[in-house]
Amino acid sequence: MDKPENQLLDIQHLHTAFRVGDDFYDAVEDVNLTLNRDEILAIVGESGSGKSTLATSVIGLHNLQNTKITGDILYNDLNLVGLNETLYNRIRGNDIGMIFQDPLAALNPLMRIGEQIGETLLYHTKLNKEERDHRVLELLGQVGIPNPVRVFKQYPHELSGGMRQRVVIAIAIACKPPILIADEPTTALDVTIQAQILDLLENIQQETHSGIILITHDLGVVAETADRVAVMYAGQIVEQGTVQAIFEHPLHPYTRSLLRSMPQADNDSDDLYVIEGTVPDLKHMQTDDCRFAARIPWIPASAHEAHPTMHEVEPGHFVRCTCYKTFHFNDEAEA
Amino acid sequence: MWKTILRRILIMIPQILLLSVIVFFLAKLMPGDPFSGQITPQMDPKQIDSLRRQLGLDDPLWTQYFRWIGNLFHGDLGMSYAYKRPVISLIAERASNTIWLSLFAVILTYLIGVPLGVLAGRFKGTRLDSGISLYAYSVMAIPSFVFYLIALLIFGYQLKWFPTTGSVALDASGGVGYIMSRLYHMVLPAILQAFLGTTGIILYLRSGIIDNSIEDYVRTARAKGVPEKVIFNKHILRNSLLPIAAFMGNTITGLISGSLFVESVFSYPGMGKLAVDAMTTRDYATMTSLTLLFGFLTLLGNLLSDIIMSIVDPRIRVE
């Protein structure tokens with residue numbers, strides 16, 4: 001199969017299983033996903049839906065003693081699944097950069113900012129100390145830090161949350177990686193800073209033509225920044241499509257419930273919509289039936305597929321299970 | 001930095017004063033006085049009373065306290081009733097024995113403790129880790145004097161590898177011979193003290209390494225493509241050594257006063273043995289002076305720890 005020219009990453013049949021006791025359970029099950037250049041792909045879902053696990057599988061940060069990864073993650077004809085550590089270390093930081101959630105914890109408290117950013121360059125470039133420092137200052141400017149020379153010598157605790165997140169971004173983009181993974185980059189920040197960080201990510205993407213995987217549970221963030229969306233539930237992708245398709249014609253009951261639970265300014269009601277129940281835990285989510293069925297008990301079992309698969313309802317818009325056809329909310333009349 | 005240190009030293013003054021009050025009155029609360037053991041039926045009670053009066057033991061406690069404090073400021077720690085000599089000269093004579101022994105023990109403690117702690121943390125869950133942890137926990141669980149007595153019995157009396165008393169052989173003479181004899185007398189007590197001291201370091205380092213290994217910044221370093229070996233040395237180990245470094249101040253001063261047991265068991269003529277002897281003979285002047293000194297060393301150790309901490313941890317730096 002020929003891969004499209006601007007395709008960066010092709011994930012096929014990816015399973016990531018964690019060890020619980022002596023058994024392995026899939027936290028990510030049969031995920032098929034592509035990432036293109038110049039695109040922000042959002043992965044949304046509740047906590048425990050497997051979105052972070054998916055991301056860490058791509059950059060290879062799982063402890064392989066307790067994690068089993070199968071399937072393919074194809075990057076430039078290279079399969080990242082099962083890649084040896086030495087080769088993976090060349091990819092990490094250089095080809096794939098990762099932005100973490102909590103910018104204080106993500107930085108080493110004992111190292112100066114300049115050294116922490118420079119570390120990425122140290123292992124992927126042939127720049128000497130002086131050139132590296134120069135590039136770090138450049139990066140600090142690029143991520144919008146007002147006084148790069150001063151911040152270069154500062155420690156993480158001396159910076160504000162927003163500044164720290166900019167540093168974390170600078171670390172991730174230091175080697176201009178074509179793939180960026182942002183794992184809830186705005187969760188730990190207050191709202192005004194969130195918007196700044198998202199703008200920064202978009203700017204970086206436009207400058208470097210990279211592909212960004214944005215992991216978030218904030219649908220507002222998705223609507224603002226993403227091009228394509230993959231909705232995950234209990235380790236599976238349940239719906240996938242362009243941001244317009246997902247927001248304007250959401251199909252899967254889970255997507256629709258998520259969208260409905262978003263606070264809306266024009267809504268008269270004081271109550272937010274709440275999806276009943278919780279995401280099943282790792283041991284209990286392993287089932288061949290529709291995994292969302294338990295949280296929409298008013299939908300008859302006959303509406304679900306026996307072994308739900310992805311259906312392409314429009315070009316590029318996929319949805320899992322047939323239950324979307326007859327789904328209605330609990331307080332709505334049957335369609 | 002200097003301002004902070006100066007402020008900390010100023011805070012120490014009221015602490016030391018409070019310490020002196022507690023030390024003095026606790027000593028006075030002990031039953032008996034220097035003469036209780038010497039009273040015999042042949043002795044005239046009046047004679048004892050006059051002796052007590054001479055030494056000021058009949059004065060009100062507060063008067064005695066202020067006289068004691070006043071003398072301390074003049075460098076006069078009082079006369080030892082037991083040795084009939086100024087306490088200051090007794091301490092001076094034994095201080096060097098204790099300091100050398102402690103220094104020897106501290107160096108051994110870190111030389112043994114740090115590598116074992118690093119190995120246990122690095123190879124968590126392996127047999128090596130279990131072995132080291134077992135050692136650390138069992139040494140920790142044994143009371144120190146039992147540990148010393150058993151070692152003395154085995155290595156001193158049974159195997160006769162090491163001397164059992166004193167700080168130097170009586171017949172040792174000449175430069176090198178004298179130094180070698182002193183070192184020889186120090187080896188066993190120092191090793192034992194070090195073994196006891198390593199437990200804290202091993203357990204701190206081990207858990208520090210295990211905890212830091214799963215910190216987010218370690219994951220960040222991995223995401224940068226930093227080799228695992230560098231991650232361990234540069235990120236995990238450096239952060240795990242913080243509590244050890246901070247503990248160092250207390251360890252150094254703690255060993256000086258902590259040699260109480262080891263010196264008594266090995267009859268090693270240092271400050272620790274002097275303190276224990278003073279307690280059993282109701283030698284007030286010696287006892288209060290040493291307790292005050294040990295208390296002062298503890299305060300100094302805390303200060304030292306804070307200073308070390310502010311050097312190694314940028315988050316603690318106070319301006």
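**Figure 1. The stretch from residue 9 to residue 259 of chain A, in a predicted model.** Over residues 9-259 of chain A, the chain is 39% helix and 28% strand. An unreviewed UniProt entry annotates residues 9-259 of chain A as "domain: ABC transporter". The model itself is predicted. The views below take up parts of it one by one.

**Figure 2. Strand 1 and strand 4 of chain A run antiparallel.** Strand 1 of chain A spans residues 7-20, and strand 4 of chain A spans residues 67-75. Eight bridges join the two. Find Q12(A), then look across to strand 4 of chain A: D72(A) stands opposite. Strands of a sheet pair through backbone hydrogen bonds, either parallel or antiparallel. Strand 1 of chain A also holds H13(A). H13(A) is not a glycine, yet it has a positive phi of about 50 degrees. Is H13(A) buried or exposed? H13(A) counts as exposed, because it has 12 C-beta neighbours inside 10 Å, and a residue with 12 or fewer falls in that class.

Figure 3. Strand 5 of chain A covers residues 78-79. Strand 4 and strand 5 of chain A run antiparallel, joined by two bridges. Y75(A) has L78(A) in strand 5 of chain A as its bridge partner.

**Figure 4. D30(A) in strand 2 of chain A.** Strand 2 of chain A runs over residues 23-36 and includes D30(A). D30(A) is not a glycine, but its phi is positive, at about 50 degrees. How many other C-beta atoms lie within 10 Å of D30(A)? There are 16, so D30(A) is partly exposed.

**Figure 5. An open sheet of eight strands in chain A.** The strand order is 6-7-8-3-9-10-12-11. The pairing is mixed. Which strands sit at the edges? They are strand 6 (96-99) and strand 11 (310-314) of chain A, and each pairs on one side only. From one strand to the next, the twist averages 20 degrees. In a regular strand the side chains alternate between the two faces of the sheet.

**Figure 6. Strand 6 and strand 7 of chain A, with helix 6 lying across them.** Strand 7 of chain A spans residues 179-183. Strand 6 and strand 7 of chain A pair in the parallel sense over four bridges. I99(A) stands opposite A182(A) in strand 7 of chain A. Helix 6 of chain A is made of residues 161-173. Helix 6 of chain A runs at about 170 degrees to strand 6 of chain A.

**Figure 7. A230(A) in strand 9 of chain A.** Strand 9 of chain A covers residues 228-233. A230(A) is buried, because 24 other C-beta atoms lie within 10 Å; the cut-off for buried is 20 or more. Leaving out residues up to four places away in sequence, A230(A) touches L33(A), L41(A), I43(A), I237(A) and Q240(A). T255(A) is 25 residues from A230(A) in sequence. In space, the C-alpha atoms of A230(A) and T255(A) are 9.8 Å apart.

**Figure 8. The hairpin of strand 11 and strand 12 of chain A.** Strand 12 of chain A spans residues 317-320. Strand 11 and strand 12 of chain A pair in the antiparallel sense over four bridges. V319(A) in strand 12 of chain A is the bridge partner of H311(A). Two residues lie between the strands, and G316(A) takes a positive phi near 85 degrees.

**Figure 9. Helix 3 packs against helix 4 in chain A.** Two packed helices are described by the angle between their axes and the distance between the axes. For helix 3 and helix 4 (residues 129-142) of chain A, the angle is about 115 degrees and the axes are 9 Å apart. The crossing of helix 3 and helix 4 of chain A is right-handed. Helix 3 of chain A brings G114(A), I117(A), G118(A), L121(A) and L122(A). They meet R132(A), D133(A), R135(A), V136(A) and L139(A) of helix 4 of chain A. The residues of this contact divide into five nonpolar, two polar and three charged.

**Figure 10. Chain A meets chain B.** The contact takes 23 residues from chain A and 17 residues from chain B. On the side of chain A that touches chain B, the elements giving two or more residues are helix 2 (85-91) and helix 3 (113-124) of chain A. Helix 3 of chain A gives the most, with four residues. The residues on this side of chain A divide into twelve nonpolar, seven polar and four charged.

Key: Residues numbered from 1 in each chain as written. Chains lettered and ligands numbered in written order. Predicted model: local features only at pLDDT ≥ 70, side-chain atom pairs only at ≥ 80, totals over all residues. Pairing = 2+ DSSP bridges. Contact = placed C-beta atoms within 7 Å. Nonpolar A, V, L, I, M, F, W, Y, C, P; charged D, E, K, R; others polar. Axes fitted to C-alpha atoms, helices over the stretch in contact; angles between N-to-C directions. UniProt positions renumbered as here; feature names shortened; annotations may be inferred. Left-handed = near helix turned anticlockwise from the far one by under 90°.
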